[in-house]
Amino acid sequence: MEFFSSITSFGGSTLSYIIPFLFVLSVVVFFHEFGHFIVARWFGVKVDAFSLGFGPELWGRYDKHGTRWKLSAIPLGGYVKFLGDEMVASKPDSLKNLETYDEATRKQLFQLKPVWQRALVVFAGPLANFILAIVIFSGLFMTVGKAIVEPRVGAVVQGSAAQDAGFAAGDIILNIDGHNITSFSDVQRLVALSYGQPLHVTVKRNEAPLDLTVTPKMQAADEKNGGEAHWMIGLQSPANGNAVRFEKYNPLQAVAMATQETVFITERTLIFIKDLFAGRAPVKELGGPIRIAQVSGEAADVSYLALLSLTAILSISIGLLNLFPIPMLDGGHLVFYAIEAIRRRPLSENVQEIGFKIGLALVLMLMVLATWNDVTRLIKL
């Protein structure tokens, strides 16, 4: 990847992580905030600022609508600040203070818009992240194609879960837990995210379907798997290089495949979260900014296509995370608006303030945990 190589050649390994990380995060954050921004504009909301990053402003300019577009010093997120927001985290000003605005200005206040419009503005951010992922995947499927490794069993590892379940070399894997299998990579992803739960597999053997049940086993961490433990069943893909092909799709097919890929990643992420709370998934698998930077650097070393794929995956994660019903996140705002729609009046400012503080505490705790995991991984390297 010549572009990133030329930039990072003078800066050593640190820059080789930082540059791709900033690229990935900036793209994902920009589209998320732009989703909020564009729908707010459609509804006539006055947007005071659109910032990529937090903290002191490094560069900025006003557009014809009076919005300040700026780059800020801490590149770990971004925000859209509406007229009437008390702070950049979209915490509204007191309703009493909003009443001090004149009639013309009040029509531009986000907090005085109908609840359905406010809900759409909030939802537009996560939606933009999912749309970005679909656009990236669609582009890759149309131009490069999707790597298809025939889902045929090349070999079964002795003493593995697959051998115990009755797999045999030559089996063609058709379906796992209701997911149609088109490539061996589909098998690997489903196994890796199973967290030891039994998988119901349909294979084709001697031209006839056969149902098998396999329970993945945890492989201990070693240098071969990147120093981390993984769930495995002990199947090997065909050694023949002809088993790999890149299949390109027309625009309609690409969008359909990209949507399917986005839904799949979303579904598996939700399963991971459910298993995390149930104690089946290890907490140490949570990653924060350091982990994202590390993965971004590794993807950039492979190719810009890998970096684009990572951008799509991270965009899905950010969109999904923001839909969690936690005050301060988009999902928390949506919960407040749903309650307001049912009650026909908003929750009191005191209740919202308490919710905001609880949400902030939860988000900070999650960030601390993820960062601790990142640091622990680095120490082990």
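## Lys70 and its surroundings

The side chains of Lys70 and Tyr79 are joined by a polar contact of 3.1 Å, a term for a pair of N or O atoms within 3.5 Å in which, within protein, one must be able to donate a hydrogen and the other to accept it, residues adjacent in sequence counting only if both atoms are side-chain atoms. This is a predicted model, in which local features need pLDDT of at least 70 and side-chain atom pairs count only at pLDDT 80 or more, while totals for chains, interfaces and linings use all residues. Residues are numbered from 1 along each chain as its sequence is written, and side-chain values use heavy atoms, with hydrogens and water left out.

Lys70 is placed in strand β2 (residues 68-82), strands (E, at least two residues) and helices (H or I, at least four) being DSSP runs numbered from the N terminus. Lys70 is buried and yet has no salt bridge, the nearest side chain of opposite charge being Glu57, 4.3 Å away. Here buried means under 20% relative accessible area, exposed over 50% and partly exposed in between (1.4 Å probe, protein chains only); a salt bridge needs a side-chain nitrogen of Lys or Arg within 4 Å of a carboxyl oxygen of Asp or Glu; and Lys and Arg count as positive, Asp and Glu as negative, with His and the chain ends not counted.

## Aromatic pairs

The whole structure holds twelve aromatic pairs, that is, rings of Phe, Tyr and Trp (its six-membered ring) with centres within 6.5 Å, called stacked when the planes are under 30 degrees apart, edge-to-face when over 60 and tilted otherwise. Phe43 and Trp116 are edge-to-face, at 5.5 Å centre to centre and 80° between the planes; this pair links Phe43, in the loop between α2 (12-42) and β1 (47-62), to Trp116 in helix α5 (residues 115-143), 73 residues apart.

Phe54 and Tyr79 are stacked, because their ring centres lie 5.8 Å apart and their planes are at 20°. Since Phe54 lies in strand β1 and Tyr79 in strand β2, the pair ties together parts that are 25 residues apart in sequence. Tyr79 counts as buried at 8% relative accessibility, whereas Phe54, at 30%, counts as partly exposed.

## Nonpolar cores

The largest nonpolar core has 38 residues, and Phe137 and Val201 are among those with the most contacts inside it; such a core is a set of buried Ala, Val, Leu, Ile, Met, Phe, Trp, Tyr and Cys residues joined through side-chain atoms within 4.5 Å. Helix α5 gives the most to this core, with seven residues. Apart from this core lies another, of 14 residues, including Val45 and Trp69.
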